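Visitor: Hi there! I'm new to this one, could you walk me through it?

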Amino acid sequence: MGEASVKTLETRTDVSSPIVSEGEVRRESERALLARLRLPRRPRIWFEVLLIAVSYWTYSLIRNAVPEQKAAALANADWIWSVEHGLGIAVEQSINHAVNSVTWLIVGMNYYYATLHFVVTIGVLVWIYRFHPGRYAATRLVLFATTGVALVGYYFYPLAPPRLMNGQQFVDTVLVHHTWGSMASGNLKHMSNQYAAMPSMHIGWSLWCGLTIFAVASAPWARILGLLYPAATLVVIVATANHFWLDAVGGMTCLAFGFAVTRIWYGSLPHRLPRQPVHTDPHPASAALLNRFRR
């Protein structure tokens, strides 16, 4: 009996718990943090207002700090104009002159260009925030990524708008009709980079608004208006001689990049995410910022 007992003890194999390295613990912690960052949460109004204000201020600062490079911008405008002639789409000047001959129409377009770019964009953000909070962060990321990549275009490809081209007889409709309008015309022109026309963020933002409304709204009339808004914006930017057609293509390309970034980060397009957030706890970024203010 004793012998058997000793034998059993001698041959028994000890099962030790697996050793977890410090690196594995760190990687697991990072994966958990990344998963938390990706989860849609209910947005906090104070954080969103602060984030949007700081982001737009930074965007404007960088955009206007880019060297204007007038000679390069005018040369690029001539090249764009020649490419459009080659493609058979160089009708901007005809549209500009035709619309300019109808005073009430072109004045209305001047105000459209100056105001709706901001009003509608902010309105869509507020609407998504209020009624589709689970989709808000992803929708906002599309807009932010679109705007961020546009800065790369402004830096590396300065481009004069058609109204500033030499010898092409485009009409600067804001100056001619004395309307308060584009930041790049009249008394406000020194507050904005005159040669940041490529890509067109009027198209990038308006198409973001239109696609967001179309994808999320339930009323048919709202979805139709959503699609009409970027189409109307395209006519306006051309009629006021602020952009070429190809600037609009640049804006669409930036928006495609914004959607791609969001798809990679959230694993889904914004409208496919839950309408209401799954988690209601504060986002790690806003929580960290709030804790910093409390110290």
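Visitor: Which residues of H3 are buried?
Guide: The buried residues of H3 are Phe 47, Glu 48, Tyr 59, Ser 60 and Arg 63. Keep in mind that this is a predicted model.

Visitor: Okay, and how many residues does H3 have?
Guide: H3 has 21 residues. From its first C-alpha to its last it reaches 30 Å, close to the 30 Å expected at 1.5 Å a residue.

Visitor: Which residues form the nonpolar patch on the surface?
Guide: That patch is made of Ile 45, Trp 46, Val 49, Leu 50 and Val 54. Together they have about 420 Å² of accessible area. One of them, Val 49, sits in helix H3, which covers residues 45-65.

Visitor: Back to Glu 48. What does its side chain meet in a salt bridge?
Guide: Its partner is Arg 140, with 2.6 Å from N to O. Glu 48 lies in helix H3 and Arg 140 in helix H7 (residues 133-156), so the pair ties together parts that are 92 residues apart in sequence.

Visitor: Is Arg 140 buried or exposed?
Guide: Arg 140 counts as buried, because its relative accessibility is 14% and the cut-off for buried is under 20%. Glu 48 is buried too.

Visitor: What else is Arg 140 in contact with?
Guide: Leaving aside neighbours within four places in sequence, Arg 140 is in contact with Leu 51 and Leu 125, as well as Glu 48.

Visitor: How many salt bridges does the structure hold?
Guide: There are 2. Besides the Glu 48 and Arg 140 pair, Asp 172 forms one with Arg 163, where the closest N and O atoms are 3.3 Å apart. Asp 172 is buried, at 11% relative accessible area, and Arg 163 is buried at 8%.

Visitor: Let's zoom out. How many helices and strands are in the protein chain?
Guide: The protein chain has 12 helices and 0 strands. Read along the sequence, the pattern is α-α-α-α-α-α-α-α-α-α-α-α.

Visitor: And what share of the residues counts as buried?
Guide: Of the 295 residues in the protein chain, 41% count as buried. The chain exposes about 16,600 Å², and carbon and sulfur atoms supply 66% of that.

Visitor: What about contacts between residues at least 6 apart in sequence?
Guide: Among those contacts, 84% join residues at least 24 apart.

Visitor: Now the inside. How many residues does the largest nonpolar core have?
Guide: It has 33 residues. Those with the most contacts inside it are Met 109, Val 124, Tyr 154, Met 201, Trp 208 and Ile 237. Helix H6 (103-131), H7, helix H9 (201-216), helix H10 (220-239) and helix H11 (245-266) each supply at least two residues of this core. In soluble globular proteins, nonpolar side chains tend to be buried together.

Visitor: Pick Met 201. What is it in contact with?
Guide: Setting aside neighbours within four places in sequence, the contacts of Met 201 include Tyr 59, His 117, Thr 146, Tyr 154, Gly 251 and Cys 254. Tyr 59 is one of the buried residues of H3.

Visitor: Where does Ala 241 lie?
Guide: Ala 241 is in the loop between H10 and H11. Its relative accessible area is 0%, so Ala 241 is buried. Ala 241 also has a positive phi of about 60°, although it is not a glycine.

Visitor: What about His 178, what is its phi?
Guide: His 178 has a positive phi of about 55°, and it is not a glycine either. His 178 is in the loop between H8 and H9, and it is exposed, with a relative accessible area of 71%.

Visitor: Which peptide bond is cis, with omega near 5°?
Guide: The one from Met 198 to Pro 199. Pro 199 is found in the loop between helix H8 (173-177) and H9.

Visitor: One more: where is Val 235?
Guide: Val 235 is in helix H10. At 39% relative accessibility, Val 235 counts as partly exposed.

Note on methods
Residues are numbered from 1 along each chain as its sequence is written. This is a predicted model: local features need pLDDT of at least 70, side-chain atom pairs count only at pLDDT 80 or more; totals for chains, interfaces and linings use all residues. Side-chain values use heavy atoms; hydrogens and water are left out. Patches are made of residues with over 30% relative accessible area and no salt bridge: like charges are joined within 9 Å, nonpolar side chains (Val, Leu, Ile, Met, Phe, Trp, Tyr) within 5 Å. Accessible areas come from the Shrake-Rupley method with a 1.4 Å probe; for residues, only the protein chains shown count as cover. A salt bridge is a side-chain nitrogen of Lys or Arg within 4 Å of a carboxyl oxygen of Asp or Glu. Helices (H or I, at least four residues) and strands (E, at least two) are DSSP runs, numbered from the N terminus. Buried means under 20% relative accessible area, exposed over 50%, partly exposed in between (1.4 Å probe, protein chains only). A nonpolar core is a set of buried Ala, Val, Leu, Ile, Met, Phe, Trp, Tyr and Cys residues joined through side-chain atoms within 4.5 Å. Contact means heavy atoms within 4.5 Å. The expected span of a helix is 1.5 Å times one less than its number of residues.
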